[in-house]
Amino acid sequence: MLSEGSSFMKGMVMGGLFCLVLSLMGSFSPISDYKTDNHHHHHVKAASKEELSRRFSDSQVQGLNNQIRVYCVIMVQPKNLIYWATVIETWSKHCDKAEFYTSESSKALEAIDLKEKDDWARLRKALKHAYENAGDLRWFFVAQPTTFAIIENLKYLILTKDPNEPFYLGKTMKSGELDYVAYDSGIVLSYEALKRLINVFQDEEKCPEKGRALWKLSEDKQLAVCLKYTGVFAENGEDAHGKGLFNSRTVDSLIADSIKDNPNDVVEGCCSDLAVTFSGMSPNQMHVMMFGVYRLRPYGHDFHDSLAFYPPEGSDND
Amino acid sequence: MVCASPLVSKPHLTEGVSPNTATSLGDGHLKRPRRSCIWSGIAATATHCLLSFSTCAACPRVKCCQATTWISMKAVGSRFSFYAGFVVGTFTLYVFLRQVWFERTDTGGFADPGEFQQQLEEENKIWKKERSALFNLKHPHHIGEDSHLADALYKKVRILCWVMTGPNNLEKKARHVKYTWSRHCNIVIFMSSVDDPDFPTVGLGTKEGRDQLYWKTIRAFHYAYEHHAEEADWFLKADDDTYVVVDNLRWILANYTAQDPIYFGRRFKPYAKQGYMSGGAGYVLSREALRRFVEGFQNKVCTHTTSVEDLAMGQCMEKVGVKAGDSRDSAHRETFHPFVPESHLTGKFPKSFWYWSYCYYPIVEGPQCCSDLSVSFHYVDAAGMYLLEYYAYHLRAFGYRHRYQSPTPKGLRLEQSGSQGSGKHQHELTSQEKERGQAEHKEDGPPGDAPPAAPQEGN
C-alpha cells in the first residue's frame, strides 16, 4: 500500500514537471522564432514623403508614376468562376494590364488557356507568357482570384525601386531554410527577377518542370527555390511601421484578432492604411472592400500624395 | 518459493484477482486471469499467467498465493499508480496553469491595477466626462493628413450624438460605438434605462424593450435639450448597432443652419405626408427642430402615439412644422442606409420586401446605391464597427483621385471665398484632369473637394 502510494506521488510530481516543461517550451519557442525571423528575412518599405521630396522633384515623381506600370498575372480555374468574375469586376481594373491564365477554358469567361492541370507547370507557362508579352511593363504581380489587391498601394511600395534590379516581394514565409513569398497574398516580381526566372526555367536540374515526384512542393515554394538559384531572395513588403502590407487572411479575421489583442486600439493595431493585399474574402466582401477602398471616405480629410492615380474608364464601383 | 520467483520476474500479471476468488469460481476462474493477462497485450505472459496460477493452485493457498498476488499487485499496482499519478499530476498542473494564464488575459490586463490606471489616463485624453456626456477633446487625426476642412466643419457644425442602448448592451455593443465613430462627434451621450456613471450612460427612467422605444426617444431628446441645447447645433439619434461617418454628416448639414426647422435621415414614404426617417439608419434634428419637438410635447400637440419610434417622430415633426430634408448627395445617391453595406452594394432585395414600398426616393441596387460620402449603416455588429472605421478613416488607395468630387458645402464656401487656398495644387490637378480627359469629374456639381480656391468656383 505504501509503495503504491509513493509511486502515485512520484507519478504526480513527474507529471507536474512534465507539464511545466512543455508549457515553458511552448511559451519560449514563438519568441525564438520571432528573433530568427527578424534576423533572416529582408524588409522592403515604401519611400516616405520626406525621402521622395528629398530625392525627386515634383515632375520627376510624376515621371516615376508613369513608369511604374504593373502587369497582373491572375491564375484562374473554371472551378472558381465566381471569384474569377469578381476579380474582373473589381480590383483588376486598376492593373495597367490584367491577364487571366486558366487551366482549362471556360465558356463563361475569357482567359488565356494554358491547357495545363499541373499547378507549377501552369505557373511557369503563365510567367513565360507574361515575360514575352510584357511590352514596356516592368513589374509583375501574380495573384489568385481569392486575392484582393490594391494596385495603387503596390505602386507606392515599388515607386523608387529599380525594376532592373531583382525584386521578389510579398508576404514572406519560412519553410525550413527556405524563405518564400506566400502565393495567396500576391507575389511581386520585377522585370529583372522575372528575366532570371525564365532563364533558370531551362535548367532541368535546378528548376525542373515536373516537381520532384516524391515530395511535391507547392508552386510558391518551387518559385522561391528556382529564384534562389539565380540569386533572388524573398523580401517582406511592409509599411513605415513595420506592419505587413500583404495579408493572406481576410480583413474580418484580422480585425477579430485585433479585438482580442488590442481591445482599446483595434483598428490601429490591425492592418496598415496602405495595405496591398487581403486573401480569402468572399465575392460580396470583395465588393464591399472595393467600396471601402476607392469610394467611402470622410469629407474634409485629404492626403496630398505625391502621386496621382485616376479611376479606370467605364467603371462605376470605384 | 517455486510460486514466488516466476511471478516476481514477470510483473505484467493480472491485478485484483485474489487467490480466493480464483479458486472459488470454479470453471470461471481460468477465464478471468486469461482476460486480464491479455490486457497487458503479451501472449507469452498470458501463458505464463496460466502456468503461474496452476503452480499457485498447487501451492499452500494462503501463504504462497497470497504472497505472489501481493507481490504482483505490488509490482503492477505501483507501476499503475505511478502512471495514474503522472496523468493526474499533468492534468492538475495544466488546469492550474491555464487558470492562472487564462485569468491574466481574460481580464484584459486588469489583473494589474496599474494597467487600469493607464487606460483611464488614455481615456481622459480622449474625452472629458461631464454630466454623463463625453465631450471629445481631440477628434482623431492621421499623421501627414491635411484635415483643415474637416476641422473647420468640426467647429462650425457641432453635433451631439446620442446613442440608444441598454444596460445589457454596454459591453456587447455600446463600447464599440464609443471607441469608433462616436469619437468624431462633438459630444456623445449613451442613453439607457439605467444610470451608469462609469461608462457613462444616462438613465432615462424607462424599462427596456421595443415597446419602450418611443418613450426612450422622447426622454432622450428632452434630456439633450435641457442639458446641452446651447452646446450643439444638431442632435443625432443612433442605435448601438448603427455606424455613422460623422464627418460626412457635417458635410450635408453645412448647407443648412441650426435655426432651420429641418431634420434628415433615410426617408421613408408611408404613414406621413412628408414621410418620416428610418430609426435604425439614424436621424438628426436641427436645434430649432429639437426646440419645436420639446415645445410640441409641452403643448400636447405631440404625444406618445405609438411605440414605433421613427414613425411617431415623423408624425410629430410634421405637426410642429419641421421639414423632412433630402439627405442624398449631389448625384442623388442615398447617404443614410438601413442595412449593412454588403446588403446595399451586393444584395438583391426581393420585390415583395417591404423596403421597396417604403423608400421615399427610388431604390438603386448595386454600387450606385450608396454615396461615396455615406453617413450611416445599420445592423452593424461589433467587428463591423471596426471594419467600417478601417474602411472609412484608414484604408485607402494611395494617390487616388476619386471619381466623385464632392461639392463644397455652402457654409464653407462663403468662408473660404476670401482665402487663397493652396491654389498651386489645385491647378496641378486640373491640368492632369484635362490630360486624361476625365469627363466624369465635371458631371457632379462644382468640382474640388480639396481646398476650394476661388478659381475653381467660377460657375
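The buried residues of helix α5 of chain A are A:Trp120, A:Ala121, A:Arg122, A:Leu123, A:Arg124, A:Ala126, A:Leu127 and A:Ala130. The model in which they lie is a predicted one. Helix α5 covers residues 119–132 of chain A, 14 residues in total. From its first C-alpha to its last the helix reaches 20 Å, close to the 20 Å expected at 1.5 Å a residue. The cover over the buried residues of α5(A) includes strands β2, β3, β5 and β10 together with helices α7 and α8 (219–229), again of chain A.

In chain A, eight strands form an open sheet with mixed pairing, in the order β1-β11-β7-β10-β5-β2-β3-β4. The edges are taken by β1 (42–45) and β4 (112–113) of chain A; each has a single partner strand, so one side of each is left without a neighbour in the sheet. Helix α6 (residues 151–158) of chain A packs on this sheet and touches β1, β2, β5 (139–143), β7 (168–170), β10 (187–190) and β11 (235–238) of chain A. The direction of α6(A) makes about 130° with that of β2(A). Helix α7 (residues 191–201) of chain A lies across β5 and β10 of chain A, and runs at about 90° to β10(A).

One pairing in the sheet can be followed residue by residue. Strand β2 (residues 70–76) of chain A and strand β3 (residues 97–102) of chain A are parallel and share six bridges. Along this pair, A:Cys72 stands opposite A:Ala98 in β3(A).

Chain A as a whole contains ten helices and twelve strands. Its C-alpha trace spans about 85 × 55 × 40 Å along the principal axes. Of its 318 residues, 53% count as buried. Among contacts in chain A between residues at least 6 apart in sequence, 77% join residues at least 24 apart.

Strand β3(B) runs parallel to strand β6 (residues 234–239) of chain B, joined to it by six bridges, and B:Val163 has B:Ala238 as its bridge partner in β6(B). Strand β3(B) also pairs in the parallel sense with strand β4 (residues 187–192) of chain B, over five bridges. There, the bridge partner of B:Leu160 is B:Ile187.

Strand β1 (residues 127–130) of chain B pairs with β2(B) in the antiparallel sense over four bridges, with B:Lys129 opposite B:Leu134. β1(B) and β2(B) form a hairpin with two residues between them, and B:Arg131 in the turn has a positive phi of about 50°.

Further along chain B, B:Phe264 sits in strand β8 (residues 262–264). Because its relative accessibility is 0%, B:Phe264 counts as buried. Leaving aside neighbours within four places in sequence, its contacts include B:Trp234, B:Leu253, B:Tyr283, B:Asp326 and B:Phe336.

The nonpolar cores remain. Of the 112 residues in the largest nonpolar core, A:Trp91, A:Phe141, A:Phe278, B:Trp181 and B:Tyr391 touch the most other members. Helix α15 (residues 382–394) of chain B gives this core its largest share, eight residues. B:Tyr391 touches residues of chain A, among them A:Val251, A:Met281, A:Val288 and A:Leu296. A second, separate core of 45 residues includes B:Tyr283, B:Ala324, B:Tyr358 and B:Ile363.

Key
Residues numbered from 1 in each chain as written. Chains lettered and ligands numbered in written order. Predicted model: local features only at pLDDT ≥ 70, side-chain atom pairs only at ≥ 80, totals over all residues. Heavy atoms only, no water. Core = buried A, V, L, I, M, F, W, Y, C linked by side-chain atoms within 4.5 Å. Buried < 20%, exposed > 50% of the residue type's maximum accessible area, 1.4 Å probe, protein only. Contact = heavy atoms within 4.5 Å. Pairing = 2+ DSSP bridges. Axes fitted to C-alpha atoms, helices over the stretch in contact; angles between N-to-C directions. Expected span 1.5 Å × (residues − 1).
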